[in-house]
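Here is a short briefing to read alongside the model. Take a moment with the view below, then work through the points by topic.

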Amino acid sequence: MKFVIQRDYLVRSVQDVMKAISSRTTIPILTGIKIVATEQGVTLTGSDSDISIESFIPVEEEDKVIVEILEPGSIVLPARFFGEIVKKLPKETVEIEVQNQFLTIIRSGKAEFNLNGLDAEEYPRLPQIEEENVFKIPTDLLKTIIRQTVFAVSTSETRPILTGVNWKVENNELICIATDSHRLALRKAKIETESEVFYNVVIPGKSLNELSKILDDTTELVDIVITENQILFKTKHLLFFSRLLEGNYPETSRLIPEDSKTDVIVNAKEFFQAIDRASLLAREGRNNVVKLSTLQDGVIEISSNSPEIGKVIEEIQSESVTGEELKISFSAKYMMEALKALEGTEIKISFTGAMRPFLIRPINDESMLQLILPVRTY
Amino acid sequence: MSIVWEQLEQYQPTVLKMIAKIVQKGRVAHAYLFEGQRGTGKKDVSILFAKSLFCINRNGYKPCNDCINCRRIDSGNHPDVHIIEPDGQSIKKAQIEALQAEFSKTGVESNKKLYIIEHADRMTVNAANSLLKFLEEPNSETVAILLTEQYHRMLNTIVSRCQVLSFKPLPPNAIADYLKEQHIPSHFALLAAYVTNNREHALELSRDDWFAQARKIVLQLYEALHKNYLQALFIVQEQWIQHFVEKQQIDLGLDLLLYLYKDLIYIQLGETEKVVYKDQISYLNQLALTLSQKRIAENMTAILQAKARLNTNMNPQLLMEQLVLKLQEGD
């Protein structure tokens, strides 16, 4: 393998793929970056076996030559050193040449590095992409979806399936659900697809967080391909692969109550701030529980009581309260996280009794909802 | 270096025959326990088994050893084959948890996944219990191979969930004959053959200066034990402690000492062909006359106890001094 490349492009790509590389891996080859040079360009791959990031540098872009391929081939170079080396090379162009026994020479100006590489054949195979079963989402929407669901995944490994977000694709609609069995976040979105396919997969929450970090805030479309054991997100020059979680995601549709006994409509910001204040004292206590009660004339009272510290009571005026009177306790943390995830100024909270889960939704938006289980207090 | 099927077949014909059947008929159980003494080829067989399951160009039941999957299993780079070794003294719970996290996800390349746990008896109780939950609810195409030298130290609950394959020890004489063919002096050959059950390891040992020196020290200590007990303590202090540093080395040293007492018994029983220290036989003959069988048996018990204590983190020097005093009690 031999090619000459613009250093800037190489540095950017290396930084992108480095995000997938973990120093604590049990598989020796994954400490490296895989570099493949073909007639079309140079592909860099980094992986920690959970996620893999592939970055493609085309031979030319906008009539500007970026890479000159002298001889196609492939190599795996130790990421730790290669990353540092390319960052610090003196000149604008870099020449990379692989000689016998995977010895790689990196030249830039008068600087020359000899780096021992590994056989690229040993690198894990990423799934082949079938272009038919693609669906597309704008990048910014994808980031929002991730932000609105991934916080609710479980952090405990006792039920590994709950550490992921359930993605269902049917009827040109994507439904994302995350739950840790105390609360649930759901988000729906329209997708663009040409094929009528049905998917039901669970994507590790960690992978989605990583994905969200490497995506820019643009409106460009992201191609998403789901294969048997991996999911692929494809942007212009980046491919992001993630493994899926194995097992069946619990059926959650039954958890979401259809009807409600008490509906409260409040200003999201005011409500959030009141909860935040009430949790100041509750946080110190064991469970961070605040209490909500409905009073006369659409006034709601938020209170929390930690006997050893003190108590707080606050009344806020809601837009409307309809239905039965209610006293309910819930975790302030869950409520605040749910409110942060929702968009819109007005939110509607639908209760079905003090012991039943309740729903939080923005008004006039059916695409997202948050569900929280109350806390039993005496 | 990869070991091929034919080589292992000479060591463990029964086990390999079973594995061949398993692979041929595609009836892979979800967990296996490979049980047998050190050097009986458990790990080699487990790797071979993994290769048989993952090989792309499998020839009947034998892996090709040349395809990309076989090569990566050999180099430890296959993303769906995991090998867990004790981290220090034991296999920690965190290691099993990492494994569980790994296996809650789909495979990297295919849905077939395999893990090998070496020295499975060294799992902490916590680790073993976490693994148990995992063994109880196996995923469809996950295969576990547990390796152990001490079958009886495994939790019953784990053993009962695995298919157990026993690895038979090789007859030491067969190994000794092989070593003699490699121009190893016969007194070394036999000793090395008793110490390990693996031909390559035995060959390595008998070519190692450390081993020759170890043998010398053991003989010196033994001689001193029956002459002058102060001198024996000096040998422990000046030579033994310096030479046998690692736990495994001390274990081996104790084995060497044990074989000497075993030889005495053989001599007393008149079965001189079974003696390991053949070059020392005249000296041993003399001693055999002075010690009663009961005393020899007691001494052997003392050595075996010391070996057991070694695993419980006893200070090696105290351990040896205690042993020396015990061995001399009757004198």
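This is a predicted model: local features need pLDDT of at least 70, side-chain atom pairs count only at pLDDT 80 or more; totals for chains, interfaces and linings use all residues.

On the surface, one patch gathers negative charge and another gathers positive charge. UniProt, through an unreviewed entry, also supplies domain annotations for chain A.

**Negative patch, chain A**
- The patch of negative charge is formed by Asp140(A), Asp216(A), Asp217(A) and Glu220(A) on the surface.
- Asp217(A) sits in the loop that runs between helix H4 (205-214) and strand E18 (221-226) of chain A.
- Asp217(A) counts as exposed because its relative accessibility is 63%, and the cut-off for exposed is over 50%.

**Positive patch, chain B**
- Lys17(B), Lys21(B), Lys25(B) and Arg27(B) come together on the surface as a patch of positive charge.
- Lys25(B) belongs to helix H2 (residues 13-25) of chain B.
- With 54% relative accessibility, Lys25(B) counts as exposed.

**Annotated domains, chain A**
- The UniProt record (unreviewed entry) assigns "domain: DNA polymerase III beta sliding clamp N-terminal" to residues 1-127 of chain A.
- Residues 1-127 of chain A are 17% helix and 46% strand, and the end C-alpha atoms of this span are 24 Å apart.
- The UniProt record (unreviewed entry) gives "domain: DNA polymerase III beta sliding clamp central" for residues 137-251 of chain A.

Technical notes: Residues are numbered from 1 along each chain as its sequence is written. Chains are lettered from A and ligands numbered from 1 in the order in which they are written. Side-chain values use heavy atoms; hydrogens and water are left out. Patches are made of residues with over 30% relative accessible area and no salt bridge: like charges are joined within 9 Å, nonpolar side chains (Val, Leu, Ile, Met, Phe, Trp, Tyr) within 5 Å. Accessible areas come from the Shrake-Rupley method with a 1.4 Å probe; for residues, only the protein chains shown count as cover. A salt bridge is a side-chain nitrogen of Lys or Arg within 4 Å of a carboxyl oxygen of Asp or Glu. Lys and Arg count as positive and Asp and Glu as negative; His and the chain ends are not counted. The place of a charge is taken as NZ of Lys, CZ of Arg, CG of Asp or CD of Glu. Helices (H or I, at least four residues) and strands (E, at least two) are DSSP runs, numbered from the N terminus. Buried means under 20% relative accessible area, exposed over 50%, partly exposed in between (1.4 Å probe, protein chains only). UniProt positions are given in the numbering used here, feature names are shortened, and annotations may be inferred rather than shown by experiment.
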